[in-house]
Amino acid sequence: MAVLMGGPSAEREVSLSSGTACAAALRGEGYEVVEVDAGPDLCSVLADLKPDAILNCLHGRWGEDGCVQGLLEWVGIPYSHSGVLSSALAMDKQRSKAAFAAAGLPVVSSVMAPADEVRTRHVMEPPYVVKPNNEGSSVGIYLVHDGANGPPQLSKDMPAQVMVETYAPGRELTTTVMGDRALTVTDILTEGWYDYDAKYTPGGSRHVVPADVPSEIFDLCMDYALRAHEALGCRGVSRTDFRWDEARGTNGLILLETNTQPGMTETSLTPEQAQACGMGFGQLCAWMVEDASCDR
């Protein structure tokens with residue numbers, strides 16, 4: 001079998017870490033594993049290797065947005081995680097939010113706006129968040145606080161169109177779905193914004209699993225995560241992120257987004273949640289490989 005990692009996205013380094021960890025874990029479970037750094041020649045590389053299955057450890061655009069899934073469908077190699085449509089839908093934040101809202105799940109309001117306009121004026125009342133519509137891992141996130149003097153100075157690397165979203169205050173919670181069941185809830189504690197460094201730097205955040213929250217909030221996270229997984233048509237493993245404003249009780253729980261390719265590094269949340277449910281890292285990786293298929 002082959003583990004896909006790396007790729008050309010902004011999350012390349014995280015993907016390399018995920019893939020290396022998963023490959024080592026699978027070898028420990030008795031699998032013969034080839035590590036593949038996915039590049040433009042991926043189709044010919046896979047034609048030469050002829051793997052029985054693919055564990056997709058790519059993150060971000062191309063590897064998580066339906067593109068590589070379409071390639072794998074074309075060449076007929078069983079692969080892990082979500083299929084073409086659900087991957088593309090989940091990666092498009094605005095469209096996935098529309099799917100969540102249609103399923104009765106709680107989301108905050110947002111608009112798509114030209115980046116140049118966002119740089120020159122507040123397109124909604126602060127506080128709000130600006131983000132690319134199709135990246136993950138808090139890549140390119142700008143938080144505009146209440147009372148901000150002016151609009152955010154977005155970097156030139158931001159896309160021409162960006163999402164501007166009402167800021168949801170509160171605690172950062174997350175729930176993994178594995179197949180047809182939600183695993184548990186993690187409370188993510190940081191000193192500030194749960195940004196890229198907080199996610200992937202050891203010590204950047206502290207994870208409390210299972211989360212010490214009221215039972216009704218815990219149960220809602222589990223329910224919402226499973227419903228989000230189903231609303232997008234996800235397969236295999238996904239992870240859904242929430243914000244919870246304690247002062248508002250159950251009305252303060254907001255669904256942020258669903259990740260179809262959760263990180264699998266040492267500081268990642270999904271392996272921690274599986275461990276809390278009695279499943280070791282190697283077992284989790286093996287489950288994803290055995291779950292692999294085409295036409296997902």
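Is D295 buried or exposed, and what is its relative accessible area?

Modeller: This is a predicted model, in which local features need pLDDT of at least 70, side-chain atom pairs count only at pLDDT 80 or more, and totals for chains, interfaces and linings use all residues. Residues are numbered from 1 along each chain as its sequence is written, and side-chain values use heavy atoms, with hydrogens and water left out.

D295 is exposed, with a relative accessible area of 68%; the term applies over 50%, whereas buried means under 20% and partly exposed lies in between (1.4 Å probe, protein chains only). The residue lies in the segment after α10. Although D295 is not a glycine, its phi is positive, at about 55°. W62, in the loop between β3 and α3 (67-75), likewise has a positive phi without being glycine, near 80°. W62 is partly exposed, at 26% relative accessible area. Helices (H or I, at least four residues) and strands (E, at least two) are DSSP runs, numbered from the N terminus.

Axes here are lines fitted to C-alpha atoms, for helices over the stretch in contact, with angles from 0 to 180 degrees between N-to-C directions. From α1, A21, C22, A25 and L26 meet F281, G282, C285, A286 and V289 of α10, contact meaning heavy atoms within 4.5 Å. The residues of this contact comprise eight nonpolar, one polar and no charged. Nonpolar covers Ala, Val, Leu, Ile, Met, Phe, Trp, Tyr, Cys and Pro; charged covers Asp, Glu, Lys and Arg; the others, Gly among them, are polar.

α1 (residues 12-28) also lies across β1, β2 and β3, running at about 165° to β1. These strands form an open sheet of three, in the order β2-β1-β3 with parallel pairing, where two strands pair if DSSP finds at least two bridges between them. Its edge strands, each pairing on one side only, are β2 (34-37) and β3 (54-56). From one strand to the next, the twist averages 25°. β1 (residues 2-5) runs parallel to β3, and three bridges join them; among the residues involved, L4 has N56 of β3 as its bridge partner. Strands of a sheet pair through backbone hydrogen bonds, either parallel or antiparallel.

V130 has Y142 as its partner in β6 and stands opposite V164 in β7. Both faces of β5 are covered: Y128 and V130 on one side, V129 and K131 on the other, are all buried. In the loop between α6 (115-120) and β5 lies P127, joined to P126 by a cis peptide bond with omega about 5°. A cis bond also joins V209 and P210, with omega about 0°; P210 is found in the loop between β10 (206-208) and α8.
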